[in-house]
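Thanks, everyone, for making the time.

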Amino acid sequence: MNSQLFDGMVIFTELVKQGSFTKAAQKLEHSTSYISKELTKLEERLGVRLLQRSTRSLNLTAEGQLYYAQAEQLVDDAAALERAMQGQQASPSGVLRISCPTSFGINTLPRFLEHFNQRYPRVSFDIELNDKKADLIADGFDLAIRATTALDDSSLISRKFATFRAVMVASPAYLERFGTPQTPDDLRNHKLICYSNLPNYNQWRFTGPDGHQTELALHSFVATNSSQLEVELCVAGQGIMRMPEFNLGDELSSGRLVEILTDYPSGDVDVYLVYPNRKHMSSKVRSFIEMFLEHKECIGAGLVSGS
């Protein structure tokens, strides 16, 4: 094994966090020339450039982004291990970077983070709400919350959080104007709002009362990558949409939207907590996962009821 494996790693990660040689040197109590030499030696050993330097800024290269995502975790784990060996309690701390679907995050995270902060006040958050699947390693996320009908095979670890129904809905005004479809085939004569982040988003699958599955190729009136826009359009009477329950808030319980084709369910959507396959998980990630699953029943109930 290479005895220089960790040489320069702490300096590199601190340099990225501080954003300048001067600040990193002050933090680590070294000279700027020493920081620069150690970075150069690290890049030479790896055979890649990790940072693009200019007089005013430091920018990670593509290789630097990948190295930093892994190196930061290794440094955090080593620091936690050292604290444990010194008899200190490794209380969760630091910034937790999370990627989450937009509507799910808006409907769940505010209340949950309040409870989490009361228990773990030393953890702060960097949360990206995006309906597209993030690359955890390349983008430097500690954890992702993913809603999907089928989880991709990968080296990532996943913990299933909950299963939600996907429902067909429309506004009362739309149904009064255009009529209520009685079978999936009737949808060919209606205005459909589709979620374009899905592959084959115009292909809608249904299970009939007899258990027979049908897949229809349908024309979309609006295709969008925003589930929030889908809901707004549907409430405004612009069409019919298919949507996981957790994205609907109180739209169903308030009567602003009405479920249709209840005899033809269109499947379930599973929500997972996904994180890198690391041997040593940081205490902040472990604590978040454990507490999120601990609050599974009340989070799930709130999503479905809209409360």
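How much accessible surface does the chain have, and what share of it belongs to carbon and sulfur atoms? The accessible surface comes to about 16,800 Å² (by the Shrake-Rupley method with a 1.4 Å probe), and 47% of that belongs to carbon and sulfur atoms.

Please keep in mind that this is a predicted model, in which local features need pLDDT of at least 70 and side-chain atom pairs count only at pLDDT 80 or more, while totals for chains, interfaces and linings use all residues. Residues are numbered from 1 along each chain as its sequence is written, and side-chain values use heavy atoms, with hydrogens and water left out.

As for overall dimensions, the C-alpha atoms fill a box of roughly 75 × 40 × 35 Å along the principal axes. Of the 307 residues, 40% count as buried, meaning under 20% relative accessible area with a 1.4 Å probe and protein chains only.

Serine 227 is one residue I would point to: it lies in helix α8, residues 227-235 (helices being DSSP runs of H or I, at least four residues, numbered from the N terminus). Serine 227 counts as buried because its relative accessibility is 4%. Beyond its neighbours within four places in sequence, its contacts (heavy atoms within 4.5 Å) include Asp131, Tyr195 and Asn247.

Finally, two charges sit over rings, which here requires NZ of Lys or CZ of Arg within 6 Å of the ring centre and within 35 degrees of the ring normal. Arginine 97 lies over the face of phenylalanine 141, 4.4 Å from the ring centre, and lysine 191 has its charged end over phenylalanine 221, at 4.2 Å from the centre of that ring.

Note on methods
Helices (H or I, at least four residues) and strands (E, at least two) are DSSP runs, numbered from the N terminus. Buried means under 20% relative accessible area, exposed over 50%, partly exposed in between (1.4 Å probe, protein chains only).
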